[in-house]
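Here is a short briefing on one protein model. Look over the sequence and the structure, then read the points below.

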Amino acid sequence: MALRHAVLAALLDGEYSGYQLAKAFDIGVANFWHAVPQQLYTELAKLEQDGLVAGRQVVQETRPNKRVYRVTDAGLAELESFAAAVSKPSFIRDDLLVKVQAADRVDSTPLITQLEERASSAEARIELFGGLLRQMRGDADEEEFLLRGERIGPYLTCMRGLAFERDTRDWCLRVAALLRERSGVRGRR
């Protein structure tokens, strides 16, 4: 997957400026694709040059003018091709897991702290995702929304983000507790 597809998918909800797109990424897309604002601005320029998004200047009286973007028909066709292509399996690349792999041979105290910090960060994202899900579905219960909601793609990816963060929190807390218990039983090798 390329950043271009994540940007096109994020723009399906409307016309966004680069700043608004960065905010949308932080809230919704970041659970499956990370990009810094500068990457987004660069990608928007490429997408516009390729005709996959259309940009227009918005004149603002009290602020600098801004450029907003929307997906074009060519952009929708690109997303259609991307959606039809076979996806590669994902994999985990996480330095914290490398540290846990070495837990038997290193001082576990800093690792326990890092695991607890990661669990705390996951807890904050769990709260964020829970709020986003409630906001997206409004007064509908989840099953009703999933069956009859107008646009469920962002909801489904948010559900995945929520499940990932819950699993991360639970795993980190369990590993931290195990390492804490084991460090009381034996000293560092």
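I92 lies in the loop between helix 4 (73-84) and helix 5 (95-101). Helices (H or I, at least four residues) and strands (E, at least two) are DSSP runs, numbered from the N terminus. The model is predicted: local features need pLDDT of at least 70, side-chain atom pairs count only at pLDDT 80 or more, and totals for chains, interfaces and linings use all residues. Residues are numbered from 1 along each chain as its sequence is written, and side-chain values use heavy atoms, without hydrogens and water.

**The surface around I92**
- I92 is exposed, with a relative accessible area of 66%. Exposed means over 50%, buried under 20%, and partly exposed in between (1.4 Å probe, protein chains only).
- I92 forms a nonpolar surface patch with L97 and W171. Together they have about 290 Å² of accessible area.
- Patch residues have over 30% relative accessible area and no salt bridge; nonpolar side chains (Val, Leu, Ile, Met, Phe, Trp, Tyr) are joined within 5 Å, like charges within 9 Å.
- A salt bridge is a side-chain nitrogen of Lys or Arg within 4 Å of a carboxyl oxygen of Asp or Glu.
- Accessible areas come from the Shrake-Rupley method with a 1.4 Å probe; for residues, only the protein chains shown count as cover.

**The whole chain**
- The protein chain has eight helices and three strands. Their order along the sequence is α-β-α-α-β-β-α-α-α-α-α.
- Its C-alpha atoms fill a box of roughly 65 × 45 × 40 Å, taken along the principal axes.
- Of the 189 residues, 30% count as buried.
- The accessible surface of the protein chain is about 12600 Å², and carbon and sulfur atoms hold 52% of that.
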